[in-house]
Amino acid sequence: MRYGMVIDLSKCSGCMSCDVACKRENFTPPGVHWSKVHIYETGRYPDSKLRALPTHCMHCEEPACEKACPTGATVLRPDGVVFIDNDHCIGCGYCAMACPYEARVLNRHAPRPYHEPHDFTPFEQIGYFQRLGIVEHGKGVIEKCTFCLHRLEQGSLPACVETCPAGARVFGDLDDPNSDVAELAKTATPRLEEEGTKPKVLYTRLAEHLGY
Amino acid sequence: MAESRSSSNIAEAFWKQRGADSLGQTAAEMAAAGPAAGADTPAAGPVGPIVPPGLEGGQWKPVMCKLCGNKTWCTARAYVKDGILLSFAGDPENAASGGKLCNRGQAAMMNVYNPYRVKAPMKRTNPNKGLDEDPGWVEISWDEALDTVALKMREIAERGDPRRFAHCFGFASWANIVSDEAFCRAFGSPYDIQGRGHLCPVHIGASFVNGTFLDKQDVEYANYFLTIGGSLGPNTGSAHGMRAVARALERGMKLVVVDPRMSPEAAQADEWIPIRPGGDLAFTLAMLHVMLHELPITDLDVRFIKERSNLPYLIGEDKLYLADVASGKPLVWDSVTAEAKTFDDPTIKDFALEGEYEIGGRRATPAFALLKARMAEYTPEWQEQHTTVPPETIRRVTRDFVAAAEVGATISLDGAVFPLRPAVIKSERGAYSTTHGAYQHFAVKIVAGLVGATDVPGGFLGSEQGPLLSPGPDGVVSPKQEAQPVPWHMPPSIDLREYYPHRHTSPYLAWKTILDPEKYGVDHNLDMLMVYGSNPIHSNCTPRHAIEAFKKIPFMVEIAFLYDETSQFCDILLPESSIFERYGLLEYGDHVVHAADDAILRTRTLQVSKPVIDPAWNTRQADDLYIEIAERAGFLYGEGGLNAHINRTLDLCEEHKLDLDNKYLTADIIDRVARCHYGEEHGLEYFDGHALIPELLSKAQSYNFYWYPWGKTRHPLYFNHFYANGQELKSNLAGIGLEAPPGWDPEGFWKHWEPIPQWVGRCDEAYAAEYDLRAMVWTTPQTRMCAGDQIGNPWVREPVKAFDPYDYRILINSETARRKGLEDKSRVRVEAFWGGSTEGVLKTTELIHPEALGFPGHHGFKGQLRNPITWEGPDFNDLLSDREGEFDPISCATDITPRVRLVPIGRGEGGVR
């Protein structure tokens, strides 16, 4: 079992539903983006293109973050999810520096309200501080995309996959030769392959989208 | 050529998965049978709401989303624990949305707990009104607020002129059971004025040609899709449209996008054709030229032209149908027997399309020949001066479009044989919001019609399904919706609807008239304006005219969700509950302007929302407020009262009609609607577990050709009724001594009223030397129809601010900027030719036409009590003129591509207030 994802860039139009779904699902506070969709352009007018590149933790097979972590807080789970154990994270930030995908965020401060100077909304209060979840947005720890581990454990899909209106994200077990994701992965490519981290988030038509 | 084609048929698969066994039933059968069997069962498999960890013990509840203005709202599930909304997900029972939610829907929770909401009834204490004035709000009781409003209405009624009350409404009202129209009519005022719409005139062509409110396009079968100034879905972040487009592109549909900017759809397209802003009509007319003058007529759908359109009808020298003297029916020329016959004469051997004939001393020409002659001058070479599009591109695109239509192909659906025309041309707001917008809508309808791609599989469809192509006595689809002109009446209404009888909305004309009623011949003014779910200041061209008008209105009240620009001019605010705190109802949510696949075409719904949380603050259901006000002001009860109008507008059956002398609340009325229209088992309690009752059309029923097949109706591609309405208007104006409506040069007005679309020039061409760019605006995937406070929702805005470098900026082609000595992040004032201006920060880019200046989204809000994140960016509407001669006198569209110039004022980011 190795969870992985293929993102079909020909279907993604950059609507950012995934970003907001991630916020909603994981209660990420202001300034913390586990999921990002970079909007940019390639080419010269009129042969130019508007581009959208969704990105988050690549859940690498050989994660640079895991190697950089001095406390063992970051681990590659047997199911392929790169996981941070908050109890062991000391917030040194080495992993964030090591990650070639800039997927990790160090919480230097406790969460702030989105509507500052107004107080936290009721669900922010609960989402940031009161629930007993697998992720806490505590001060001084690193956080990032978990592939929505809590959803996987309930037999569901990551929130970004479930919500993508265009169906650009395909998720599943890369080890299952009958899975859609394994089939798509055959022709998909990772970002920054030269980093050697072997991402399990792959893209179709990546070179074209990067303007190569 | 007969062809059977299979499709993946998403609606069928969806409902089968849920155990539906009623596919293929008629709509009536479906209604009688109720929802699909097994609809109680949540979706099997991995998709479905998941409780966030640590938050177990709550409940998922069905609810409408309503975070955009689209009438095909996605239903959803809200997770509530201990009375607090904690999560939100798509509705696995909604086939059209596929159980998805867009970015705005995902952010709905932020909208509910928005601290910038109006949290209690408020009274103004500062009598001075202005955007820079603090209203000095003080909280009051509901009784005081409602009594104050009711008293003002009572006073107006007692003075005997209910026209002095107007109600301005927006998209929010679409979930209400008390319609604006019902409220106004019950009071006696004709003024239920839409605060929106003049920036979105997308109705006129559909209402004439398809008998529907809007257009939609069939991407279930289309193989070629040409879009001019519109969105299939991705541009506006529509969950339905993105799903449909992704499926179609995966299937191999070719997409060609004509747009001054490289949009998300252009990025996904096979071809992007950059065009000068506002040149769309020239592009489309040149396509018609190629179809009619350069391609053999056999490439077109000659059967459709002869048997399914009014193009064979003989047109007299008065530009109207030549009618048979005896029967009054329009005449055609039988080219085989060489005689004139009524259009429905069964002895007709063949319809003449060309030639000139004399019938009883009257000269006449087939409409087709007139159309062809009119298009002669619009060559691909001619259009280039208005579009910058190379002539060869027009020729290639036209040929590709015509070839893709597969003229002659048929498809069998549920045993009914349809023409299959898998080629779509669509145009929309970006092209219709010009001074010639109505002609553009007519022109694209003609392009589609010439290959028969109208209301058949693969083609350009009307937005609703059903027997809507019913013909009038002339055999042609009878004018419906906005194709029916406003009756003449003098003195005119305050929004001048009589001068512009086909207008979609004209709120900006009302605000102008308030400032100078005599100029427009209006004999009254307003004593009171009530606003609901609309922001007629920010959503208006020339916002300063709305501001000045609102200062003149003695009393204003708003049923308000948040403090906005308009609320700053109000005397009383009645705070409204959010969709999570209130009831909502939407029947037949099938209005879609964008691409539609099988699931969208076939699924119609009754959607009902019940409160899933208690109001976060002291707010109330808008409908209940209308009922309360009507009771206190004395127009709720009895014949002609609000109850009676609710019975009428909701079409309540005898058994469930409101007693005219009782008072009801929203919940009870929705219960009656659901039971009355969908059976007793679908009372309000049904919606504890569901947000919708689905109604499935068969595949055949989802194309309106089904209801009126060959020989039963004809589409008007020669706009005879339209021209006749113009002639009647001319006569009526002459009767009061006018050659054109006040402010208009007669020639400039009447050139818009021809029965064949024509190039009318640009109103601002004389300013070309000094104002060398054209501004343009578009909806971003995060700002669809500016509804639901998308600009003030930090979950929507934060990712945009962080990762989209284009939003909030003014886009300029890099080379254009270089020539002007401007660079990225230059701060500029943009000045329109007529005097309007706004300020902002440039973004140099390769993604836009060199003559265009692009404004993404809606920005630059100015309300003092708003969320400050809404203040940032330029307000595009400040560039839009409301002067006569500078808007479309047919749809009343304001021209959103005005000539502008740039004045550098420094460098830097940040907002402009």
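Which residues in H1(A) are buried? In this predicted model, the buried residues of H1(A) are A:Ser17, A:Cys18, A:Asp19, A:Val20, A:Ala21, A:Cys22, A:Lys23, A:Arg24, A:Glu25 and A:Asn26, so that helix H1 of chain A, which runs over residues 17–26, is mostly covered, with 10 of its 10 residues buried. Chain B, for its part, has 913 residues, of which 68% are buried, and its secondary structure comprises 26 helices and 33 strands.

**Overall form of chain B**

- The radius of gyration of chain B is 27 Å, which agrees with the value near 29 Å that a compact globule of 913 residues would have.
- Along the principal axes, the C-alpha trace of chain B extends over about 80 × 65 × 55 Å.
- The side chains of chain B include 91 positive and 122 negative ones, with the centres of the two sets lying 3 Å apart.

**Confidence in chain B**

- The mean pLDDT of chain B is 92, and 93% of the residues in this chain reach 70 or more.
- Residues 1–8 of chain B have a pLDDT below 50, and this stretch has 22 contacts in the model beyond near neighbours in sequence.
- Residues 19–47 of chain B likewise have a pLDDT below 50, and that stretch has 48 contacts in the model beyond near neighbours in sequence.

- B:Ala282 belongs to helix H10 of chain B, which covers residues 280–294, and it counts as buried because its relative accessibility is 0%.
- Apart from neighbours within four places in sequence, B:Ala282 is in contact with B:Trp382, B:Gln383, B:His386, B:Thr387 and B:Trp759.
- Although 479 residues separate B:Ala282 from B:Gly761 in sequence, their C-alpha atoms are 9.5 Å apart in space.
- B:Val777 belongs to strand E28 of chain B, spanning residues 773–778, and is buried, with a relative accessible area of 10%.
- When residues up to four places away in sequence are not counted, B:Val777 touches B:Arg429, B:Phe855, B:Gly857, B:Phe876 and B:Ile896.
- B:Val777 and B:Asn877 are 100 residues apart in sequence, while the C-alpha to C-alpha distance between them is 9.2 Å.

**Backbone geometry**

- Most residues other than glycine have a negative phi, and most peptide bonds are trans.
- B:Thr542, which is not a glycine either, has a positive phi of about 45°; B:Thr542 is located in the loop between strand E21 (528–532) and helix H18 (543–552) of chain B, and counts as buried at 2% relative accessibility.
- The peptide bond from A:Tyr45 to A:Pro46 is cis, with omega near 0°, and A:Pro46 sits in the loop between strand E2 (36–42) and strand E3 (49–55) of chain A.
- The peptide bond from A:Glu116 to A:Pro117 is also cis, with omega near 10°, and A:Pro117 is found in the loop between strand E6 (105–106) and helix H4 (122–130) of chain A.

Key. Residues are numbered from 1 along each chain as its sequence is written. Chains are lettered from A and ligands numbered from 1 in the order in which they are written. Side-chain values use heavy atoms; hydrogens and water are left out. Helices (H or I, at least four residues) and strands (E, at least two) are DSSP runs, numbered from the N terminus. Buried means under 20% relative accessible area, exposed over 50%, partly exposed in between (1.4 Å probe, protein chains only). Contact means heavy atoms within 4.5 Å. The radius of gyration is taken over C-alpha atoms; the globule rule is 2.2 Å times the number of residues to the power 0.38. Lys and Arg count as positive and Asp and Glu as negative; His and the chain ends are not counted. The place of a charge is taken as NZ of Lys, CZ of Arg, CG of Asp or CD of Glu. pLDDT is the predictor's confidence in each residue, from 0 to 100.
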